[in-house]
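Student: I have a model open and want to go through a few local features. Can we start with the sheet?

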Amino acid sequence: MAMPQNSTGENGFCFTQTLDFSHSHPPPGEASRTCGTPLSNGTTSSGVPSPSDSCAEPLCSTTPGEEETQFHEGIKYVSTEGEELACGWGGFTPGCLQLFNTSKGILFFLCVASFLQGMTVNGFINTVITSIERRFDLRSYQSGLIASSYDIAACVCLTFVSYFGGNGHKPRWLGWGVLVMGLGSLLFALPHFTTGPYEARSAAEVGICRGNQSLPCTHAASSLSSYRFMFMLGQFLHGMGATPLYTLGVTYLDENVKTNYSPVYIAVFYTAAILGPAAGYLVGGMFLNIYTEIGREIDITPENTLWVGAWWIGFLGAGAASLLISIPILGYPHRLPGSQRYIVMRVSEAHQLKDGSHKKASDPDFGKTVKDLPRSVLLLLKNPTFIFLCLAGATEATLIAGMSTFGPKFLESQFSLSASEAATFFGYLVVPAGGGGTFLGGFLVNKFKLRCSGIIKLCLLCTVSSLLAIFIFFIHCPNMPMAGVTQTYEGSALPNGHLNLTAACNADCGCLEETYSPVCGSDDIMYYSPCHAGCKKVSKNLRNGKKVYHECSCIDKTLLPGPGDAEAGKCTSSCAKKSLLLLFMFVVILFTFLSSIPALTATLRCVSDRQRSFALGIQWIVVRTLGGIPGPIAFGSMIDKSCLLWQDQCGEQGSCYVYQNSAMSRYTLVAGLVYKVLGTTFFLVACLLYKPPPPESAPGSSDASEHGSHQEHKPSLPAGEDI
């Protein structure tokens, strides 16, 4: 299969082979066909009735005497520059590997890589961070630095990787990136093997009346906390390795498939990245039910606050899988066989600058040296469509980052769920809404064959839809009554911010505020702990495995006189608005993710071809700097304003135990509205300022580019007819 060779002037195309890549020899009777006259726009004048017909016929064919390059065992893939396009490593290019040397083959391996990245960074890290804090005596701000190291590394590396990788051998950059990501995962698990065994101090009957035991406050810093630097380095390697994945990986897919199919391929790629965190939460949660010191007998259960699960297993598995998947990615060629025909048919949709400086990026030598870097940045900064798409992406990223971090906490508070139940609930929302929205966005662009302007309008429609749906946060579920926090032990209301956990029924129990372990009384009122409910005995419910507390002096039996019982955990909420809240949260997540792939596709199309990778890199820097990093901080500070009950850590304020649901909904609504209005405004301005190329700059019309590749084996159609 010979690749097209350019043998005419700068704008005319003449190929040594037809664009029908299904045969290694030209069809009989067409060997002597010559080229038409090259036109100024790069097409040939051959008297064809329509632009669609021109794509149904070869631009020119081989002349007699020309030979075709043959393999002994098959076809040798050679690019226009004589570069081999076979899949392999160096001179090792076995024929069996060429089965994977297709766009679907590279899509599969990139999907596995993005799945592993999402599972590790957004799944395992978020799942095990509490266990790591407990195991290595870390404070919350220290674990926050560990999580932020990923974004810091990405911001540091994005300019370098996207600029030089965009003009280099993309699969090699991708393969080495995945390999570095795997090394980061292995390094993250290393502290488990370099520290001594974890010793958990168990205390039987902690929390019941007159049985409360406190752990001494230790203000001295533990030597184990220095391991945070190893975790930060592991996360830094994660960030470095993942940088090529979402810049060079996207552009490599876009360059090697038809323009119509590019959004679908990118949507599949991003859907795998969204499913990764869901798998990370599920698998990571399973590993946390295994004690960190595997094989050691222990008398505490996962419900105990001193329990540390096997947090490190997931990182070992993900690291090994990343190292393996990097090997086939490293074997892919600079571009896939047959991709030249898509480059020939591609129509530029780059935003047209008034001074014409956008034409500089079309120079084949542009962007190959460091001296072109400032000019590349300047060209992107002068592109208002690109700038406002970046800003819109940052506002959407702020919402996504805030939602993914605090979405489970919102459900936990509104519906009175446990942390694991809330995470599972949120997973059921995110997988179909986030994954489905991502794939559907790419499908819609492909289905309706949208050009750049139409894609931005689709993004605007999605943002307006999610903006309307976000008003659902006007409603909320009422707080479950909690003695001493939302109401007094006698049942009267307590003013906000005023706690009174001591009453006559528990005054002699010696309860401590450090031991927060909520229980649900038989009177459907929650209590701070079994001790604060005045419970004196404990047993185990054989049906669900939960602890049941008896002889609770603060709880009245509903039917018989005397002290009542309580069960470990929160009381179940019977909120009537639960279904409505979940439905509209689903809609908000769906439309937020629905615009992600169209926005990415619009970014790729509004810049010149040679700047695509670099443009994605700059966009990721903007999105992370203005959205991904400050997003959780902004949402977290808003939600913290609605806290009713703070943790007391040796006199210092810790995390929030109980939130006021009405205030939480109100602050979530304010934050959501601000960012959605900004996103809508940015998409609207991007749409208004976009200036497409004049029609005469494209070879034929949009039909020629969008539909022509489908007509290689079909008879020509009358002018103006669609396929």
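This is a predicted model: local features need pLDDT of at least 70, side-chain atom pairs count only at pLDDT 80 or more; totals for chains, interfaces and linings use all residues.

Student: How many bridges join β3 to β7?

Tutor: Three, between β3 (residues 519-521) and β7 (residues 563-568), which run antiparallel. Strands are DSSP runs of E, at least two residues, numbered from the N terminus, and helices are runs of H or I, at least four. Two strands pair if DSSP finds at least two bridges between them.

Student: What stands opposite Gly521?

Tutor: Ala566 in β7. Ala566 is also the bridge partner of Tyr549. β6 (residues 547-556) pairs with β7 over four bridges, in the antiparallel sense.

Student: What is the strand order in the open sheet?

Tutor: β4-β3-β7-β6-β5, with antiparallel pairing. β4 (526-527) and β5 (537-540) are at the edges with a single partner strand each, so one side of each has no neighbour in the sheet.

Student: New topic. Is Thr247 buried or exposed?

Tutor: Thr247 is buried, because its relative accessibility is 0%; buried means under 20% relative accessible area, exposed over 50%, partly exposed in between (1.4 Å probe, protein chains only).

Student: Where is Thr247, and what is it in contact with?

Tutor: Thr247 is in the loop between α5 (228-242) and α6 (248-255). Beyond neighbours within four places in sequence, its contacts (heavy atoms within 4.5 Å) are Leu158, Ser613, Leu616, Gly617 and Trp620.

Notes: Residues are numbered from 1 along each chain as its sequence is written. Side-chain values use heavy atoms; hydrogens and water are left out.
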